[in-house]
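Subject: Structure handover

Hello,

Please find the structure below. My notes on what was found in it follow.

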Amino acid sequence: MKVTIDGQSVEVEPGTTILQAARMIGGDLVPPAMCYYSKLKGTGGKCRCCLVEVSKGSEADPRPMPKLVASCVTGCMDGMEVNSKNSDRVTEARKAVTEFLLINHPLDCPVCDQAGECHLQDLSFEHGKAKTRFIEEKRTFEPENIGDKIQLHMNRCILCQRCVQVAEQLTDNRVHGVLNRGDHAQISTCVSAAIDNEFSGNMIDVCPVGALTDKTFRFKSRVWFNKPFNAHRECTTPGCCGEVTVWMFGNEIQRVTGRKDQYGEVENFICNTCRYDKKEVSDWVIEGPKKFEKDSVINQNNYTRKLDKVVINTEAQILFGREEDRKKISMTEVPFKKEEN
Ligand code: SF4
Ligand code: FES
C-alpha cells in the first residue's frame with residue numbers, strides 16, 4: 001500500500017498506522033506521541049497529540065476525513081494522503097491539545113527530575129503558549145507512597161496509561177492502574193500496595209513526564225550534568241537484556257535506564273537489579289558514549305565543542321570548585337573499555 005504524508009510517499013504493509021508510516025519516512029513530519037509506545041501493546045489513542053489531517057481517504061474512496069484523526073490508532077489505506085506538519089488545522093489542534101494537557105500540569109520543571117528529557121516540555125516548547133487562560137484551581141492530590149524505588153507525583157500525570165501497560169505486560173502482579181474517572185481519574189495502587197516487581201522500574205522509563213521518577217536518583221543531579229554511556233552486563237534475570245544506559249557524574253554512576261531510541265522509547269526493557277543495584281563502574285562493560293541529538297539538552301555540557309574562552313573574575317576557591325566540577329562532568333579521568341568484536 002502507498003501512503004503519502006506531507007507530500008512524501010512510502011510503501012507500507014496493511015495494518016500499519018499513519019504514525020508508524022510517518023516514522024518510516026522520518027523527519028519533521030512525524031507527529032508527536034505522548035501515549036503511544038511502540039514496544040507496548042494497546043497503547044495510543046489517549047492523549048490526542050498525534051492528530052493529523054486525512055485529505056484523501058484512499059484510492060477507492062478519496063473523500064477526506066471530516067475530522068482530524070489520531071495517527072497512532074488510524075490505519076493506512078492504499079492511496080491515502082495525510083497532512084501533518086503542513087496543515088494549519090493540525091498545528092492549531094496540537095496547540096490546543098498542549099494547552100489542555102498543561103491545564104493541570106504544574107510548572108515545576110526547575111525541581112522536577114524529568115526536566116531535560118520530558119516529552120511534555122518538548123511539546124510545550126514547540127506548540128505551547130507563553131500564557132495560560134486557565135484561572136481555576138489545578139488538581140491536587142494527597143502524596144502517595146508506592147514503594148521505595150518509584151516516586152509518584154500524581155499532579156504531573158497526563159494519564160497516558162503507558163505505566164499501566166508496562167505493569168500489565170511486563171509484570172505478573174499488577175497492583176496499580178487508573179482509579180476513578182473524568183477529572184478525578186488518577187494513577188494509584190489498589191489498597192496502597194507497594195509496586196514491587198522485578199520489571200516495575202520500566203514504568204519510570206515509559207512515563208513521558210515527571211509523574212514517575214527514580215527515587216534512587218531523586219534530586220541527585222540535573223540530567224544535563226550527567227554523561228550517558230551505553231553499557232551492558234551478563235544479567236541473569238529472565239527477560240532482561242542487560243543492555244542499559246548509565247548516567248555518570250565523574251566516575252560515579254548516578255542512574256541506570258533502558259536505552260532509548262530517537263522517539264524516547266526504550267529499545268529493550270531492563271530488570272530492577274540492573275536499574276537500582278548495579279551502580280559501580282565495575283558492574284558494567286562500558287561500550288562508549290551514547291549518541292544524542294545535537295540540540296539535546298544533554299549537549300549543554302559537551303566540552304568537546306569549541307567554546308569561547310570565558311574569563312571569570314572571581315575568588316580562587318570558587319574557580320577551584322568549578323575546575324573540579326568540570327573535570328567530573330567531562331570525565332577526563334574515567335577509563336572505559338572498548339568492547340572487542
Ligand atoms: S504516571 Fe506517567 S506513564 Fe503513568 S499514566 Fe501518568 S503520565 Fe502516563
Ligand atoms: S500518541 Fe496518539 S493519541 Fe496519544
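One term comes first: two residues are in contact if their C-beta atoms, placed from the backbone, lie within 7 Å. By that rule V246 touches F229, A231, I253, V256 and W284, leaving aside residues up to four places away in sequence.

The structure is a predicted model, in which local features need pLDDT of at least 70 and side-chain atom pairs count only at pLDDT 80 or more, while totals for chains, interfaces and linings use all residues. Residues are numbered from 1 along each chain as its sequence is written, and chains are lettered from A and ligands numbered from 1 in the order in which they are written.

Overall picture

The protein has seven helices and 13 strands. Helices (H or I, at least four residues) and strands (E, at least two) are DSSP runs, numbered from the N terminus. The radius of gyration, taken over C-alpha atoms, is compared with a globule rule of 2.2 Å times the number of residues to the power 0.38. For 341 residues a compact globule would come out near 20 Å, and the protein has 22 Å, which agrees. Its C-alpha atoms fill a box of roughly 70 × 55 × 50 Å along the principal axes. Of the contacts in the protein with a separation of 6 or more, 64% are between residues 24 or more positions apart.

A residue is called buried if 20 or more other C-beta atoms lie within 10 Å of its own, exposed if 12 or fewer, and partly exposed in between, with C-beta atoms placed from the backbone. On that count, 33% of the 341 residues are buried.

The five-stranded sheet

Strands of a sheet pair through backbone hydrogen bonds, either parallel or antiparallel. Here two strands pair if DSSP finds at least two bridges between them. One open sheet of five strands has the order β2-β1-β5-β3-β4, with mixed pairing. At its edges stand β2 and β4 (69–70), each with a single partner strand, so one side of each has no neighbour in the sheet.

Strands β1 (residues 2–5) and β2 (residues 8–11) are antiparallel and share four bridges. T4 stands opposite S9 in β2, and the bridge partner of I5 in β2 is Q8. The hairpin of β1 and β2 has two residues between the strands, and D6 there takes a positive phi near 50°.

Which strands does helix α1 pack against? The buried residues of α1 pack against β1, β2, β3 (51–56) and β5 (80–83). Those buried in α1 (residues 18–25) are I18, L19, A21, A22 and R23. Just after α1, G26 has a positive phi of about 80°.

Helix α2 (residues 88–102) lies across β3 and β5 and runs at about 160° to β3. Axes are lines fitted to C-alpha atoms, for helices over the stretch in contact, and angles run from 0 to 180 degrees between N-to-C directions.

The four-stranded sheet

A second topic is the open sheet of four strands, in the order β12-β11-β10-β13, with antiparallel pairing. Its edge strands are β12 (252–258) and β13 (285–289), each of which pairs on one side only. On average, neighbouring strands of this sheet are turned by 35° against each other, direction ignored.

Strand β10 (residues 227–232) and strand β11 (residues 243–249) run antiparallel and are joined by six bridges. A231 stands opposite V244 in β11. Strands β11 and β12 are also antiparallel, over six bridges, and M248 stands opposite I253 in β12. These two strands form a hairpin with two residues between them, where G250 in the turn has a positive phi of about 65°. Five of the seven residues of β12 are buried, so β12 is largely enclosed by the rest of the structure.

The core and a loop

A nonpolar core is a set of buried Ala, Val, Leu, Ile, Met, Phe, Trp, Tyr and Cys residues joined through C-beta atoms within 7 Å. The largest one has 63 residues, of which C163, M203 and V246 touch the most other members. The largest share of this core, five residues, comes from α4.

V175 lies in the loop between α4 (162–170) and β7 (176–179). Is V175 buried or partly exposed? V175 counts as partly exposed because there are 19 C-beta neighbours inside 10 Å. V175 and T189 are 14 residues apart in sequence, with their C-alpha atoms 5.5 Å apart in space.

Regards
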